[in-house]
Amino acid sequence: MKNITTLILIAFLSAFMAASQVTSQAQRGPKPKPTPKPSPTATPSPTPIGTPQPTPTPTATPTPTATPTPTTKVRLIGVSANFQHGQSTDGAFRYDKQALEIISKGDFVAAQEISVGDIPNWDAAFSAGGFRRVISKMHPAGGDGNAIWARTSIPVEQVYTFDLTNGINPTSGSSIYGRDGNTDIRRSVVAARFVANAKPFYVVSVHFCASVCRDNFNTTESVQRVGQIQSLLSWISSTLTGAPVFVMGDYNFTIDTPMQPSGFQFDLFRQAGFCDLWEIGLANGVAQANWDDRNLDTIPDMPLGMDTRTADTRRIDFITYLAQNGLISMVRIWVPDGRAQCPSQLEPSGACPQVVQRWGIPEDSGSRLADHNWVWIELEF
């Protein structure tokens, strides 16, 4: 009996202790799970040298539209100059001084009477002054030619050459020779498309045939020259498009040189839309011919007007302008006094003894760089 009582007591104590553990566990709550070990941080891949890291692009904050800043105006000075193959009116050849005159005052030149063998003489002088030859082409027979030189800072988009049509001489029946049946009067032109202040423009250098291509000795009319003019204007219309055109050169005819069957040779330019910038300059008060009074008659030696001389006793050097697809402002146009001071006293006639090319006019009172008075123009872009 004692053993049974002992067993019952042991069983009761075991049950009591088990219940106490359950109660204690319930009071403490569930046993926490073990904290997992952190995963190792991945090592970044290396960036190749020279490859920039991408950066996020921030969203731009809208800003008011800025008012356009006015474009700064650009001015260029050009000149139409017959170089007479480098010869001054005293008979000496002065290629370097002709080039220096351009370099000291202007930015580009449309030159006439350029001969093949003389090109290096001008090139050397122009290059020393920051110019370069843009384009040149000689007369087909190797005589008269045209060239354009310009400052290296002026962009050139394209250059052109064109051989003029010459028509038929009524006397000789030839399209090559003049009225003497011997002189080759064929002509070529050169042109360049420049850019100034983002505005393109064309410069054409031309030298139409001289008096030897007149129809006969008793007239100033010329079928051959008219043929040259017409072919030039047709070529310009089809080729030099999209920008203003300046035709600069020795035209060898005046504003009133007649044309068969009626009218004047210059009318062909007007009909094609060109205007005479000297005439425009006079009308707007920006044409100048500021010459000394060496014959002491109290008036300047060069008249300012439609009769301002550019060669011998005539105005035959022109700058004509076609305002297509844009306008360019003309600041001034002028024929400056290009006479050197005579190193000795003037002759009774008013001529300088050193001058060998004479016409009995005030130009004789000092040697000039060529037999033509050059026409200068200042433009604003």
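Accessible areas here come from the Shrake-Rupley method with a 1.4 Å probe, and for residues only the protein chains shown count as cover. On that basis, the accessible surface of the chain comes to about 20100 Å², with 57% of it belonging to carbon and sulfur atoms. The structure is a predicted model, in which local features need pLDDT of at least 70 and side-chain atom pairs count only at pLDDT 80 or more, while totals for chains, interfaces and linings use all residues. Residues are numbered from 1 along each chain as its sequence is written, and side-chain values use heavy atoms, with hydrogens and water left out.

The chain has six helices and 13 strands; helices (H or I, at least four residues) and strands (E, at least two) are DSSP runs, numbered from the N terminus. Of the 381 residues in the chain, 43% are buried, where buried means under 20% relative accessible area, exposed over 50% and partly exposed in between (1.4 Å probe, protein chains only). With contact taken as heavy atoms within 4.5 Å, residues 24 or more positions apart account for 72% of the contacts that have a separation of 6 or more.

In one, seven strands are ordered S3-S4-S2-S1-S13-S12-S10, with mixed pairing; two strands pair if DSSP finds at least two bridges between them. Strand S3 (131-138) and strand S10 (287-288) each have a single partner strand, so one side of each is left without a neighbour in the sheet. Strand S1 (residues 75-82) runs antiparallel to S13 and is joined to S13 by six bridges, and arginine 75 has glutamate 380 of S13 as its bridge partner.

Helices lie against this sheet. Helix H2 (residues 95-105) lies across S1, strand S2 (108-112), S3, strand S4 (145-151) and S13, at about 25° to S13; axes are lines fitted to C-alpha atoms, for helices over the stretch in contact, and angles run from 0 to 180 degrees between N-to-C directions. Helix H3 (residues 119-128) also packs on the sheet, where H3 touches S2, S3 and S4 and makes about 160° with the direction of S3. Ile119, Trp122, Asp123, Ala125 and Phe126 are buried in H3, and the buried residues of H3 pack against H2, S2, S3 and S4. Just after H3 comes glycine 130, with a positive phi of about 85°.

Strand S13 (residues 375-380) also holds glutamate 378. Glutamate 378 counts as buried because its relative accessible area is 11%. Its side chain makes a polar contact of 2.9 Å with the side chain of arginine 332; such a contact is a pair of N or O atoms within 3.5 Å, and within protein one must be able to donate a hydrogen and the other to accept it, with residues adjacent in sequence counting only if both atoms are side-chain atoms. Beyond four places in sequence, glutamate 378 touches residues including Arg75, Ile77, Met330 and Trp334.

The other open sheet has six strands in the order S5-S6-S7-S8-S11-S9, again with mixed pairing. Its edge strands, S5 (156-163) and S9 (275-276), pair on one side only. S5 and S6 pair in the antiparallel sense over seven bridges, and phenylalanine 162 has valine 189 in S6 as its bridge partner. H4 packs on this sheet, touching S5, S6, strand S7 (199-207) and strand S8 (245-250), and its direction makes about 145° with that of S5. Within helix H4 (residues 223-239) sits glutamine 224, which counts as buried because its relative accessibility is 0%. Its contacts beyond four places in sequence include Thr165, Asn169, Tyr177, Cys209 and Cys213.

The largest nonpolar core has 31 residues, of which Ile148, Phe194, Phe201, Val203 and Phe246 touch the most other members; a nonpolar core is a set of buried Ala, Val, Leu, Ile, Met, Phe, Trp, Tyr and Cys residues joined through side-chain atoms within 4.5 Å. Strand S6 (residues 188-196) gives this core its largest share, four residues. Another core, of 27 residues, lies apart from it, with Phe266, Phe269, Phe274 and Leu322 among its members.

Isoleucine 255 belongs to the loop between S8 and helix H5 (267-271). With 24% relative accessibility, isoleucine 255 counts as partly exposed. Among the residues that isoleucine 255 touches beyond four places in sequence are Phe264, Phe266, Met306 and Phe318. Isoleucine 255 and arginine 314 are 59 residues apart in sequence and 9.7 Å apart in space, C-alpha to C-alpha.
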